[in-house]
Amino acid sequence: MKIQKHFILAALLLAAISVSAQEGSSAIGVQFGFAQTDYRLNSWDPEASPTELTNIPLNGFKVGLVWDATFIKGFGSMVGLNYTFGTSTSKWQSVNENMLFPQVKERVTYHQGEIFVDWQYKFEVAGDTYIILYTGPSIQCQFALSTTVYTRTADDKETELKINSFDYNDADMRQDYKRLNVTWGVGAGFQYDRFYIRGGYDFGLINPYKYNNFADIPEIGYIYGDNHDSGRYTRGRIDQWQIKLGFFFAQFDK
């Protein structure tokens, strides 16, 4: 936990330095694009491999406000705030493999805020035209993460149960996942005058589970009984890739 706090403070410090230290041109803009957040998690099932990670991709969009600054010719940074939405819906599946009904499907939805710092270099290929390479950290905070389970019977009647990972009504039930995630991203882009397109991949740096051992998670700990040192440790990370279109509505020169 101390390492995570230090990393978050360092990322915020980098953002502050990026905003205050620029001596060349700068610009303020907006961006919008596609984003896919990928939960890469191992299973609590004692029969599953403890090291195998299962991908849970959530597709959605990203929108944000950015500050782009050049320190010296070509080298600079982009600092920004993003809101990201994502969702994924499974297909209908039979609860019992020997019976067609009842059937269930799940819909996972999340809302997330992000602070990011991209250290970048712009290669000028023509007048006001650049190829961009960038890398840097991102701090992500999930505002909501919910799973809705739909059940359908043979007479087409449907029921639904919504589970909020961060808002359990029962005081004895706590969230399985942390709200905060830290990533490190790499990417490339193209800019012409005030317009740009950027695409990249963010690698998760921390385990998204709140607990280190599945036996400590209240919802599933009963499976392991009183053995809280079951050796079934939680593993995983939250990755994200995105492609964004942007426009600088205000530009400044030192």
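A charge counts as sitting over a ring if NZ of Lys or CZ of Arg is within 6 Å of the ring centre and within 35 degrees of the ring normal. By that rule, R198 lies over the face of Y196, at 6.0 Å from the ring centre. The charged end of R152 likewise sits over a ring, that of W92, 4.2 Å from its centre.

Before I go on, the basis. This is a predicted model, in which local features need pLDDT of at least 70 and side-chain atom pairs count only at pLDDT 80 or more, while totals for chains, interfaces and linings use all residues. Residues are numbered from 1 along each chain as its sequence is written, and side-chain values use heavy atoms, with hydrogens and water left out.

Now the aromatic pairs. A pair of aromatic rings is described by the distance of the centres and the angle of the planes. Rings of Phe, Tyr and Trp (its six-membered ring) pair if their centres lie within 6.5 Å; planes under 30 degrees apart are called stacked, over 60 edge-to-face, and the rest tilted. How many aromatic pairs does the structure hold? There are 15. One of them is Y177 with Y209, a tilted pair at 5.6 Å centre to centre and 50° between the planes. Y177 is in the loop between β7 (158–164) and β8 (180–192), and Y209 is in the loop between β9 (195–204) and β10 (236–252), so this pair ties together parts that are 32 residues apart in sequence. Strands here are DSSP runs of E with at least two residues, and helices are runs of H or I with at least four, numbered from the N terminus. Both Y177 and Y209 are buried, where buried means under 20% relative accessible area, exposed over 50%, and partly exposed in between (1.4 Å probe, protein chains only).

Y196 and F248 make another tilted pair, with 5.1 Å between centres and 40° between planes. Y196 belongs to strand β9 and F248 to strand β10, 52 residues apart, and the pair links distant parts of the chain. Y196 is buried at 4% relative accessible area, and F248 is buried at 1%. Elsewhere, ring pairs join F32, F61, Y83 and F85 into a cluster.

Next, the strands themselves. Two strands pair if DSSP finds at least two bridges between them. β8 and β9 run antiparallel and are joined by ten bridges; β9 and β10 also run antiparallel, with eight. What are the bridge partners of G199? On one side G199 is the partner of A188, and in β10 the partner of G199 is I243. The hairpin of β8 and β9 has two residues between the strands, and D193 there takes a positive phi near 55°. Y196, R198, G200, D202 and G204 form the covered face of β9, while F195, I197, G199, Y201 and F203 form the uncovered one.

T183, in strand β8, is buried with a relative accessible area of 0%. Contact means heavy atoms within 4.5 Å. Leaving aside neighbours within four places in sequence, T183 contacts residues including G136, P137, D202, F203 and I238.

G246 is in strand β10 and is buried, at 8% relative accessible area. Not counting residues up to four places away in sequence, G246 touches V30, Q31, R194, F195 and Y196. G246 and I197 are 49 residues apart in sequence, yet 6.2 Å apart in space, C-alpha to C-alpha.
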